[in-house]
Amino acid sequence: MVRTIEATRPISESIPTPPKIKVSLKINGDLKQLQIAPWTSLLDLLRDTLDLTGTKKGCDHGQCGACTVLVDGRRVNSCLTLAVMKDGSEVTTIEGLMADGKLHALQQAFIDHDAFQCGYCTPGQICSAAGLLAEGKAHTAEEIRELMSGNICRCGAYPNIVAAIQQAMSAMGGNS
Amino acid sequence: MINFQYARPNEVADAVRQIAADPRARFIAGGTNLLDLMKSDVEQPSRLIDISRLPLKSVEETPDGGLRIGALVPNTDLAYHPLVESRYPLLASAIMAGASQQLRNMASTGGNLMQRTRCYYFYDIATPCNKREPGSGCSAIEGLNRMHAILGTSESCIAVYPSDMSIALAALEATVRVMGPGGERTMAFADFHRLPGDTPERDNNLEPNEIITAIELPPQGFAKNHSYLKIRDRLSYAFALVSVAAALEMDGEAVKEARLALGGVAHKPWRVEAAEAALAGQPANEASFAKAADIVLSGAKGFEHNAFKIDLARRAIIRTLTQAANGTPQSQSSKKIR
């Protein structure tokens, strides 16, 4: 027997599709002029429109951190960000961290420390760590763990992730 | 998520005009809670009014020696602001106890006050919920209610208000400045959020056509003797089972003045002035703190899965007051509770 669950409230009729909105975004250094529907998340824009699939969709509810990117240098959850609201901003994704053909210190450190197993959370971990280094508030392993708590790793590579961030931190002149 | 229109006003007055013109419109600032609710179809706005660029982003000292915090100051910026760190460390600590750094970077001060409960049934549109659908019933009262309220509940709703920041703001006696079509008004923090009663659909006393413009802190910041202790299922990035904000003004070994507010236990930050009054003039010891805890929790009522919160809250109150009296506030990175 099939049991159906009825919503206590029917989902409202969607209103007619509004026109797409002109948005200009600098993504990994390239200026993009885009036409975006207002409900497009920054995550879906990156993955589906711009084919930048390094940024991952995990939970799509801001709980896992796989979608972390930098907007104007600050780490945010791109799944809970509407792209239209970031008109005029600079976005950096995992694809944009390399410079002059060299891996970012964090990318190299994640390889050196084997700081992943399946790798799905890794782009978010690295972008989040880049934001953490820019903030300059974490100095100890304990503080790194606390300020990285928005990035979940279901493989449990946390000790190696902390070690990788500490390596990048000293390589970039910070404390560790 | 349903389709919606998008607008981006440049002035506060224009934002108020736009919200007043469309009852199904919603303001969006950080979006960390609203977009999540929209993805679950709990919120189905016809129009999002993007207030994120309104000029409400400054933190300024007020003439009386207090602090005025613009409603759009991101949580991270507020927690790391030098004046907040030095004069209102209880507030900085409570902010850092909540969410993740990504979410704190996005979330605004005003939005934090407006965040809705994380009750599972409120989020699940397949279940009855009086807050989401008035009159449909409460699924939590006889359901999975481990995270739910133990104080100020009603037969309609046992949801908790999930903020950490607001618990500190309640203890610090902040005021909320709001703007509506008729101009600006201020509300005491204690009057902002509501108990569920028979209208759990209303979280707070902000009118639908009003916008929060600022939070103001009085001069007294309790910078020497304070602590924010948050007890949760994980060490980080989880909502409180119980949290306590304690702020003391000491006179040698005795308490001169006390502030005490609880999170994770009610539909609003829970503050009992009789408990604070009972501490005034008393020695700062476990017996005094236990007496205050008993006053705070005198009307507490547990449900099937959350009765443990009553004793947990009692012990957390005593511990937090001890930390505050000793001048050893709870660290939000070291999770060791001393």
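Trainee: How many residues of domain 1 of chain A are in contact with domain 2 of chain A?
Mentor: In chain A, 15 residues of domain 1 are in contact with 16 residues of domain 2, where contact means heavy atoms within 4.5 Å. This is a predicted model, in which local features need pLDDT of at least 70 and side-chain atom pairs count only at pLDDT 80 or more, while totals for chains, interfaces and linings use all residues. Residues are numbered from 1 along each chain as its sequence is written, chains are lettered from A and ligands numbered from 1 in the order in which they are written, and side-chain values use heavy atoms, leaving out hydrogens and water.

Trainee: Where do those two domains of chain A lie?
Mentor: Domain 1 of chain A covers 21-96 and domain 2 covers 105-171; such bounds come from an automatic or database domain assignment. Their C-alpha centres are 21 Å apart.

Trainee: And which elements does chain A have, in what order?
Mentor: From the N terminus, chain A runs β-β-α-β-β-β-α-α-α-α, with 5 helices and 5 strands in total. Helices (H or I, at least four residues) and strands (E, at least two) are DSSP runs, numbered from the N terminus.

Trainee: Which residues are buried in helix H1 of chain A?
Mentor: In H1 (residues 42-49), A:Leu42, A:Leu43, A:Leu45 and A:Leu46 are buried. Buried means under 20% relative accessible area, exposed over 50%, and partly exposed in between (1.4 Å probe, protein chains only). The cover over the buried residues of H1 in chain A includes strands S1 (21-27), S2 (30-36), S3 (68-71) and S5 (90-92).

Trainee: On to H3, then. Is A:Thr122 buried or exposed?
Mentor: A:Thr122 counts as buried because its relative accessibility is 9%. The residue belongs to H3 (residues 122-135) of chain A. Leaving aside residues up to four places away in sequence, A:Thr122 touches A:Phe110 and A:Phe116.

Trainee: How much of chain B is buried?
Mentor: Buried residues make up 61% of the 338 residues in chain B. For chain A, 46% of its 176 residues count as buried.

Trainee: Which part of chain B shows that burial in one element?
Mentor: Helix H5 (residues 89-96) of chain B is mostly covered, with 8 of its 8 residues buried. Among them are B:Pro89, B:Leu91, B:Ile95 and B:Met96.

Trainee: How many charged side chains are there in chain B?
Mentor: Chain B has 37 positive and 37 negative side chains, and the centres of the two sets lie 4 Å apart. Lys and Arg count as positive and Asp and Glu as negative, without His and the chain ends; the place of a charge is NZ of Lys, CZ of Arg, CG of Asp or CD of Glu.

Trainee: What does B:His305 touch?
Mentor: Not counting residues up to four places away in sequence, B:His305 touches B:Gly143, B:Leu144, B:Asn145 and B:Arg146.

Trainee: Which loop holds B:Glu173?
Mentor: B:Glu173 is in the loop between helix H9 (165-171) and strand S6 (175-180) of chain B. Its phi is positive, about 55°, although the residue is not a glycine. B:Glu173 counts as partly exposed because its relative accessibility is 35%.
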